[in-house]
2 protein chains.
Amino acid sequence: MTRWLDDDEQRAWRNFVAATQLLYAALDRQLQRDAGMPHAYYVVLVGLSEAPERRMRMSELATWAQSSQSRLSHAVARLEERGWVRRERCPDDGRGSFAVLTDEGFAALAGAAHGHVEEVRRSLFDVLSPEQVRALDDICATVRDTLER
Amino acid sequence: MTRWLDDDEQRAWRNFVAATQLLYAALDRQLQRDAGMPHAYYVVLVGLSEAPERRMRMSELATWAQSSQSRLSHAVARLEERGWVRRERCPDDGRGSFAVLTDEGFAALAGAAHGHVEEVRRSLFDVLSPEQVRALDDICATVRDTLER
DNA sequence: CTCAAGTATATGAGAGTTCAACTAAAATGG
DNA sequence: CCATTTTAGTTGAACTCTCATATACTTGAG
């Protein structure tokens, strides 16, 4: 038998879907408008920017960015066309390759970061109390943990 | 000056992004596998199923489903091809049209609902305490309210 | 050393989304 | 009324994502 959602759960679920979709829509619009990239690409650039020497193996980066390898491969191809990322063959493993953040890519990221953070604040942190932020972190950590296996 | 995220906010944000993306990925995979439709289409069908006479004006439905008119128009076109939705001209307003859920569409929705709800439970409600659900609802309602203007 | 199996990544087709036109029908306001 | 503006909805192109498949290299068994 299906355990349907009770009224509280139903309401919570619909608010969740509405809030998250509005949030991502706002993020994507902002990033697309101001930096010409979707949020997924931004995340890839962030990953690389924080990696040692701004380089990461493709599969490592895919894991980091919660992306399938295929998705990442397409994304990096796109980012490469724009000169923001460059690929390098991996010397240790002939199958592998590194994605490397170029200076232009770093600059693009730096240029996008301000507006992005502002949008995240406006949409999320500015409207939540510190306790709510803690609660949200808790909830998301739990869900993340559950789904990461 | 940019007000960057502090460590707590940073952590919360990354957990939020990770959790929501994993969650939507799980939902979409489940619905695609078991019912051959993405979550966005499921939402459209739900909207129609709850409307009087299972029919709604396109723009009303777009608002309900948090979708752009264009997105909805494409989606309904697709759903129409499968025979799950049918369009009807609006008698009062020559520009408008109704989307109507067909019996096949209702059946498809009914068939998809069980697995979908299971997935939502597994991924979210089963791992959260009642207080967390309340907190999440609160947070999402706030964010939703903020972004809906 | 060789062959089968596994791993890292790329690629192409198909599907969904976005954005910018575009059509057609109201509404508004001289 | 007529002209303008607004509203409802559609369409096509460009882009991203997914899924299945292909390619090339590595590993491990015998």
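This passage describes how chains A and B of a predicted model are arranged relative to each other, and which of their residues lie near DNA strand D.

Two copies of a chain are related by a rotation about an axis and a shift along it. Here, chain B is superposed on chain A by a rotation of 180 degrees, with 0.0 Å of shift along the axis and an RMSD of 0.1 Å. This relation is that of a two-fold axis.

The contact between the chains takes 42 residues from chain A and 42 residues from chain B. On the side of chain B that touches chain A, at least two residues each are supplied by α1, α5 (103–123) and α6 (130–147). The largest share comes from α1(B), which gives 14 residues. By residue class, this side of chain B consists of 24 nonpolar, ten polar and eight charged residues. Of the interface residues of chain B, 100% are also interface residues in chain A, so the copies meet through the same surface.

DNA strand D is surrounded by 27 residues. The closest are Ala40(A) and Gly94(A) from chain A, together with Ser59(B), Ser70(B) and Ser73(B) from chain B. The element that gives the most is α4(B), with six residues. The residues of the surface near DNA strand D comprise twelve polar, eight charged and seven nonpolar residues.

How values were computed
Residues are numbered from 1 along each chain as its sequence is written. Chains are lettered from A and ligands numbered from 1 in the order in which they are written. This is a predicted model: local features need pLDDT of at least 70, side-chain atom pairs count only at pLDDT 80 or more; totals for chains, interfaces and linings use all residues. A residue is near a molecule or strand if its C-beta atom, placed from the backbone, lies within 6 Å of it. Helices (H or I, at least four residues) and strands (E, at least two) are DSSP runs, numbered from the N terminus. Ala, Val, Leu, Ile, Met, Phe, Trp, Tyr, Cys and Pro count as nonpolar, Asp, Glu, Lys and Arg as charged, and the others, Gly among them, as polar. Copies are superposed by least squares on the C-alpha atoms of residues with pLDDT of at least 70 in both. Two residues are in contact if their C-beta atoms, placed from the backbone, lie within 7 Å.
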